[in-house]
Structure formats: structure tokens, C-alpha cells
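Good morning, and thank you for coming. I would like to take you through one protein chain, beginning with a single residue and widening the view from there. Please look at the screen.

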Amino acid sequence: MRIKILCVVALLLTACGGGGGVSNGPPPPSSDATVSEVQGTGATSPLAGQAVIVSGVVTGDFQEDDDDRRRNLRGFYIQGIPDGNPASSDGVFIFDGSNPAVDVSVGDAVEVRGTVEEYFGETQIQASSVRVTGTGSIAPVPLRMPAPTATLNSDGFPVADLERYEGMLVELSDTLTVTDLWTLERFGEVLLAAGGRVYQFTNDNPPDADGYAAHRVSAARRTIILDDGLRSENPPDLHYLGAGNTPGYSIRLGDTLDGLVGNLRYSRGSGGNGTEDWRLEPTGDPVFRNTNPRPGPPAIEGSLRVGAINVLNFFTTIDQGQDTCGPVGDAGCRGADSNAELARQREKTVTALLDSGSDILGLTELQNNRDASLRVLVDAMNARIGSDDFAFIDTGTIHTDVIKAGIIYRRSTVTPVGDFVLLDRSVDSRYNDDRNRPSLAQAFALNANGARLSVVVSHLKSKGSSCETDGDPNTGDGQGNCNLTRVNAAAALADWIKTDPTGSGDPDYLLVGDMNAYYLEDPIETFRSAGLVDLLEGQPNPYSFVFQGQSGAYDYAFATASLAPQVRGALEWHINVDEPPVLDYNLEFGRDPALFDPDIPYRASDHDPVIVGIDLAN
């Protein structure tokens, strides 16, 4: 039913009637539909495709080509008379293009003639005529998170069910926590969560299909995207990068936000790209609280320090799309796309390696070449400190993967004992080296007292590709692809360590690396069950990696029973995953090179290092 409204009620407007605006067409009748009738009670408008005339008050000015360059969505939001139905929204987006004939402001009462459309899930009115009729005032509607329920977007992923608030001016009065910054650079987005950052299901729950399904819904109900109010990708002005309450602020996961006010929009990041989800378009400039400040150098006891660091595909061969990497030169390259990027990556990586204070460094995601990837890093480290104290274990290429593990050590502290050894399927058939990178082990003697320690560096199969052809499918319990492959490798590793593979004659072994499994997943439990001591145990919800807005532990340190009493501490050094990727070495998409600082370790990789302090006595 269409309802004709002659004047907006006084509770909504402080004035109504003519004047105060310019029409780009003949004056329309007052109204032939309410905003809530346009919205309806479902995901799409019951009036889609129909011409309507609506009245309301402007609650969000996101017009193009006006004085406010920080908010450009080619339109504005209006809110009409509440209809008393909690299932229908009273707000809607008015699309008026890149050169609107009428410049509106928040608080203007307007009449809009146009056609109802659905644009990537958002109900809009494409305006053909806008007329300012007076002024009004709309208070934001309180919106509490988590949302009571979730629904599926068109990609089949759960999202909060906030349809009844679409287009409305809302206030998220609860404290919200930054839980992802992956799309800050491309879409100007910050993923926020009620109740603190979101952790991976299997980081603090045993694997379980039903539990994982429920977790996905729960996470969706808790999260909402803070958008930048711009329609462009890779905007030159990143609104939230420095939008904090402290001098020199740089946004990090774990930072918080209160009293967020804006219009609720359902859309993708930009047109048909990005995540289809609910996003808050702020009508002011949010200010973040620096509740997760950047850490300084790792404070940890122990006369010997061992670091495990994923170096984010450190390749000395420039990636120009060619298949010339890998041991036989037939694989795609990764890492830096130019000499400039490689120089930036090298300097940032060296800063992180040196600032870790480590005497032994176990590295993963090195280019699997003869020695260049390690030599470049070691040469740069030595140049930085002004001596040749750092050296590397010369393994040559290892097996067939495009990346390998490596070890760097400080000569003044330790001396290698014997040759390096590798764990692959030739040693144990359970270790599938077509999926897992071969594990690298090397024994060292502490120069101060001759005590020995063997360090094992591992990089197990990722979740990113399927192992179904190996009879190892994703079972939907939260552990992702290739869980059995990682479990078998973990069992082989634990048994291998018991045999003293380095021939050191000492049972003190430290296993470090990127295990590609979260804290309570089967591979990690396999290490624990085999008697290896988890050095991150006791830390609440440890994390070293973030994927799709959820944090979890991927990088670990395990000690044999004889070594564990000599360990003085272990920590995840949170210099990377809490930082926005826009601060890394890359230069694509017109990124401002000045954002990069080679002298600080933050965002040297997409994994956080694990640092272990030891007083090696025997």
C-alpha cells in the first residue's frame, strides 16, 4: 500500500514545506511511499524497479564533488518516519551520481524522486530529482553487537543479520576491537569485533565439525566493517592508519573504538569487489585507543637466544611472473617484484632479525636456491653491525620446493657441531616431502661452556591447497586442508628427534617453525603427546598469524624433556600480524613509499616470530 504524506511530523523535523533547496526537476508531490515501505522486511526491496517519491531527513552526506572529500559514495542517506515495525528499516541510500544537481547537508529535509534498485545487496533509490524542503534532526539508533542472528551472503559466508537497520543512522555504543586490517589499504576497511579480537576456532577449542560451524556464525554476529566512506580502491588517504589518541599512532589489531556513529551499509568493498558484508560509514572521524601498543625488543631471560622467523618469501630472484625459481628453475617466483622492493624487504627483514637479539635464527620461506637468499641476509646483517659475526648453515638447495628452511647463527656465541641433517620421506615414509618442506636440523656448541643444543627448523604443509588426492580431505572440523599430512609429519618429527639425528650426543633439542596448525589442532597435540614440551603453554590464546579476521598460533617452539628445564622463557614477538600490511616492503597499487620505515621491525612479515631464551648448562 502506498501512503501519501503531506508533511513530516515535528518530532522528526524542525521545519517542513518549501524553500531552502534547488530542484533539478519540477517540484514533486510530497510523497507516495515511505522509506520503510521501500526497504520492506526482507533482504531486497518489494518495490525494486519501481519509481517512487520519498521524504526524509539527511543523516549521512556522502555526495561526490562537494566540500567533504573524505566521504564520497555518490549519494547520501535519508531517514523517514518510523513505521513501528522492528523488521523494516527507516533509512535508505540515495544515489545521485558524480555531479549532483543539489548539494545536501546532514539535517536537510528532502523529497526524492527516483527508482528503487538493489546494488550488490544494498537497497538504493537512484535519484532523478532532489528537493530540499526544510531542516530536521535524527538521533542515531543504538545498535548492540553481537547481532542476535546471522545470515549467509551471496558467497555463502555467514554475516550478521542487520537488515532491519540498513541505511539507518546507528550508534555502536559498545567497545569494539580491531580484529583485521588486511583490506585497509585496498578498501579503507577495518574489521571490528564486539567482545575482543576473534580467534580461530581450533586455537582454543578441540576440532569439531558442529562446533566449528557454530563458531563461524558466532564470529559473524560479532563483527562489522568500519568503512572509509569512499568508493575508490587503494585510496591515497588511508583514514584510519594514524587515527589514534596518542602521538605517532599507528593502528594495530587489538586497538579499540567506542561510540562509533554512522550509516549502516550492506555492500562489497568497491563495486563488485571485496567482501559482501555490513559496514559502518562513519559520519565523523573515529579516534582509536592505543590499547595494543607496539612492543619493543623482546624482553626475555637466558644467555642463549633462539628465534624462529617466517621471512615472508624472501627471494633474491625478482618475481616478474616467470617460472625460473625452484631447484630446477621451473617454478614461479615469489616475494619482491622489483629491485626497489627487494632492497626494502632486505632492510626490514634484517632489522627484525637483529632486533630479535637471537644467537640462532631458524628461518622459513626462504627462496630455495644455492645460498643467495641466506647470503644476502647475512651479508646485510654483518654490514649493519660492522663485523662478520653472523654466518649461515650452507645446505645448498633442499629437495624440490620453491622455498626452504634455513639457519643463521652468531659465531661469537655458538659453533656448529657436525653436519646438518634433513628429515624427508627417505628417512621416514610418514613425512610427505611433496607436501611438507624437509625439516632441517643442526647441532651447536655454546662457546662459553661447550654445552650442546640441536635446533630443528620445520615448515609443515599449509591449509591453502587440498590434499584430497592423497586421501586427506578437509573434514570441516576447523583444521582445514591436509590435516592428516601435518599429523603424520609431526609424528615423524617427534620420533626422529628421539634418535639424536644430528649425532650431537646430547638430548637437548629445540623444534621451531611454521607448523600451519592452530594451537589445539591434531599436529600440535601430536608433538605434545610425544613428550615434547610446548614452550607457549600457559599463554592465553597465543597467536602468530591472522587469517580472515581471526588470530591463532601457527609458529611454535617445542623442547625435549632434558632441554625444557634450561629454558628461561618463550614469547611470540607481536611485531607483524597486528600491523597493517600497507607498512610492508611492497610498492604496488600506488602505495606511498614514505609509509615504509626500514629501521623498525614492524610488518617485516605476515607471521610473528617466536623467541626462546635458554641458559644452556649441559
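This is a predicted model: local features need pLDDT of at least 70, side-chain atom pairs count only at pLDDT 80 or more; totals for chains, interfaces and linings use all residues.

Let us start with N234, which sits in the loop between β12 (223–226) and β13 (256–257). Strands here are DSSP runs (E, at least two residues), helices are DSSP runs of H or I with at least four residues, and both are numbered from the N terminus. Residues are numbered from 1 along each chain as its sequence is written, and side-chain values use heavy atoms, with hydrogens and water left out.

N234 is partly exposed, with a relative accessible area of 22%. By this convention, buried means under 20% relative accessible area, exposed means over 50%, and partly exposed lies in between, using a 1.4 Å probe and protein chains only. N541 also has a positive phi, near 45°, and lies in the loop between β24 (533–534) and β25 (545–547). At 21% relative accessibility, N541 counts as partly exposed.

One more backbone feature deserves mention. M145 and P146 are joined by a cis peptide bond, with omega about 5°. P146 belongs to the loop between β6 (141–142) and β7 (150–152).

I turn now to two buried residues. R279 is in strand β15 (residues 277–282), and its relative accessible area is 1%, so it counts as buried. Its side chain makes a polar contact of 3.3 Å with the side chain of D227. A polar contact is a pair of N or O atoms within 3.5 Å; within protein, one must be able to donate a hydrogen and the other to accept it, and residues adjacent in sequence count only if both atoms are side-chain atoms.

H607 is found in the loop between β28 (567–572) and β29 (610–614). Is H607 buried or exposed? It is buried, at 3% relative accessible area. The side chains of H607 and D555 are joined by a polar contact of 2.8 Å. Setting aside neighbours within four places in sequence, H607 is in contact (heavy atoms within 4.5 Å) with residues including N310, D514 and Y554.

Next, the interior. In soluble globular proteins, nonpolar side chains tend to be buried together. A nonpolar core is a set of buried Ala, Val, Leu, Ile, Met, Phe, Trp, Tyr and Cys residues joined through side-chain atoms within 4.5 Å. The largest such core has 53 residues, and F527 and L493 are among those with the most contacts inside it. Helix α7 (residues 483–498) gives the most to this core, with 7 residues. A second, separate core of 39 residues includes V170, L226, F288 and V582.

Finally, consider the chain as a whole. How many helices and strands does the protein chain have? There are 8 helices and 29 strands. Buried residues make up 58% of its 618 residues. The C-alpha atoms fill a box of roughly 90 × 50 × 45 Å, taken along the principal axes.
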